[in-house]
Amino acid sequence: MDIRHLRYFLALAEELHFGRAAERAHIEQSPLSRAISQLEDELGVPLFIRSRQGTTLTPAGEALREPAREILTAIEQARRKVAAVGGLPAVLRIGLSDGLVQPRLSVLFRRWQEQSAVRLDIRELPSGGQEAALRTEQLDIGLSFGVPPSEHLLAEPVWRDPLVAAVPRDHALAQVPALALDAIASLPLILCHPRYKPGWYAQVDALLQAAGIAPASIDLVESLAGMIVKVGAGCGLGFIDSAHAQTLSRPDVAMVPLADVAAQVMTYALRKAGRQDDLTETMAQFLALACRIA
């Protein structure tokens, strides 16, 4: 059984969408489809049902999902053991999701490299891919705005930032010193889609619900950058943390503080629950440094 095929199978089993699974596996849809067909031919049973309504797992596919995850995890564990016995330097693999480009990240990575002999391997990947990579130990730590509650992952807050409103520069609200949440109740909002930014959406949605706000309309986008583009085009208002506001600043978009001091967004460090190995102490040191930088 080809290990690469198992990786593709697990991506599709978790995404149940060929496009998203191909994006996560960093291949085109055609080779992904061929690999799944080859795996099904080898096993002699269909693993997925493909229909106009979407892609679903067959009972055989359900039966393969957990063993596939265990096999991929065992491979990563063996790789680390062999590298340690062979005297190779330790590497800490960090995953970035949700389009994180906060300036603190550069400070964190630089300081780590200045004080630790453990090299960082920094990768960018979608939120779903980050969760899967943590569970199979292809990643050691993930940084994101969070994922849905899971018994398989530990989510530890590392820093929080004030949330600001992204407003078209020529909008009347761009001139106010601070924006009350209830001032936007009747305005169209542009939010990040929960499929692509689950942690971000959950935090912003919880804030709106706590304030009793039901927006007049919501336009969902894939990224913070996409949100800023639509705000600049006058399609609505958005929310962004103050750290990303620095990096995504544009002359046609005003970043207006929110009057509610509780309007903040948290960045989390994610780890596999129950993982104990030779990198456990290194991961704890990295997280301690991240919290100090906050």
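Predicted model: local features only at pLDDT ≥ 70, side-chain atom pairs only at ≥ 80, totals over all residues.
Me: What makes Trp-112 and Phe-286 an aromatic pair?
Reply: Their rings lie 5.5 Å apart, centre to centre. The cut-off is within 6.5 Å, so they pair. By this rule the count comes to three aromatic pairs.

Me: Why is the pair of Trp-112 and Phe-286 called edge-to-face?
Reply: The angle between the planes is 70°. Edge-to-face needs over 60 degrees, so the label holds.

Me: What does the pair of Trp-112 and Phe-286 tie together?
Reply: Trp-112 sits in helix H5 (residues 103-115) and Phe-286 in helix H10 (residues 280-293), so the pair links parts 174 residues apart in sequence. Both Trp-112 and Phe-286 are buried. That puts each under 20% relative accessible area.

Me: Why is Val-45 called partly exposed?
Reply: Its relative accessible area is 34%. Buried is under 20% and exposed is over 50%, so a value in between counts as partly exposed. Val-45 is found in the loop between helix H3 (29-43) and strand S1 (48-51).

Me: Which residues make a nonpolar surface patch with Val-45?
Reply: Met-1 and Leu-43 do. The patch covers about 230 Å². Patch residues need over 30% relative accessible area.

Me: How do you know which helix gives the most to the lining of the largest pocket?
Reply: H6 supplies five residues, the most. Helix H1 (3-15), helix H2 (18-25) and helix H6 (127-135) each supply at least two. The lining has 28 residues, with Glu-15, Pro-126, Ser-127, Gly-128 and Arg-195 nearest the centre. The volume of this pocket is about 650 Å³.

Methods. Residues numbered from 1 in each chain as written. Heavy atoms only, no water. Phe/Tyr/Trp six-rings, centres within 6.5 Å; stacked < 30°, edge-to-face > 60°. Helix = DSSP H or I, 4+ residues; strand = E, 2+ residues; numbered from the N terminus. Buried < 20%, exposed > 50% of the residue type's maximum accessible area, 1.4 Å probe, protein only. Patch = residues over 30% accessible without salt bridge, like charges linked within 9 Å, V, L, I, M, F, W, Y side chains within 5 Å. Areas by Shrake-Rupley, 256 points an atom, 1.4 Å probe, with all protein chains shown as cover. Salt bridge = Lys/Arg side-chain N within 4 Å of Asp/Glu carboxyl O. 1 Å grid on protein atoms, 1.4 Å probe; cavity = no way out; pocket = protein on both sides within 12 Å on 5 of 7 lines; lining within 4 Å. Points joined across faces, edges and corners; volume = space filled by probe spheres on them.
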